[in-house]
Amino acid sequence: LMITSIGSLTSDDLYDELQKTAEANGSRLILCTGSLPAVDWMGSAALDSCEEVKVTQVKPPKAWLGTPAEADHPDLLKIIEPRTLFEGSARKAATLFPKNANVAAMLALATSGLDKTLARLVADPNVTANRVELSFLGAAGKIKVQVEAAPSKTNPRTSAIVSLSVVKAIKKLCSPIIVGL
């Protein structure tokens, strides 16, 4: 089973049930990286220790429509400067914003966990791309990454790279040579 909506895994019970089902049936649960860059490096570094893992996701205001941000910020489509909509754990970000915070959930599952990874969600009327800013600090080193991904033409909440990530994952599963595992 390949999952791209990683935010759905904020329920420990669901995650455990899926893991047990995969194990019992000799199958795998594949969490697609979607638009999360540098997951190989950070996941490897997290095997040692994580002092701090942070993600900031910045999207145009229309990407936040249909989320709690719309009710909390009735002037969302009229803002003229960036506005922080949420700050807290990746678990809470992905629970409240399941269609917007998959990057936060994936980063957390790959590194320090849903409750220790810090997430910040921002609406910015001046951006046209979905920006992801990541930082990791641990015993193996530190990394800061910023990506501006083109939004999906059919869903502004997600990035166009997500579908390409799925194709890449399927190609890896079928290829005799796997680069980056």
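R131 sits opposite E148 of strand 7, and this is a predicted model in which local features need pLDDT of at least 70, side-chain atom pairs count only at pLDDT 80 or more, and totals for chains, interfaces and linings use all residues. Residues are numbered from 1 along each chain as its sequence is written, and side-chain values use heavy atoms, with hydrogens and water left out.

Strand 6 covers residues 130–138; strands (E, at least two residues) and helices (H or I, at least four) are DSSP runs numbered from the N terminus. Strands count as paired if DSSP finds at least two bridges between them. Here's how strand 6 pairs up:

| Partner of strand 6 | Bridges | Direction |
|---|---|---|
| Strand 3 (residues 50–59) | Eight | antiparallel |
| Strand 7 (residues 141–149) | Nine | antiparallel |

Towards strand 7, a hairpin makes the link through two residues. Seven of the nine residues of strand 6 are buried, so the rest of the structure largely encloses this strand; buried here means under 20% relative accessible area with a 1.4 Å probe, protein chains only.

Now for the second largest pocket. Its lining takes in 22 residues, with K99, N102, R157, T158 and V162 nearest the centre. Lining residues have an atom within 4 Å of a point of the pocket, an open set on a 1 Å grid over the protein atoms alone, where a 1.4 Å probe fits and protein lies on both sides within 12 Å along at least five of seven lines. Strand 3, helix 5 (102–110) and strand 6 each give at least two lining residues, and helix 5 has the largest share, three.

Methods
Buried < 20%, exposed > 50% of the residue type's maximum accessible area, 1.4 Å probe, protein only.
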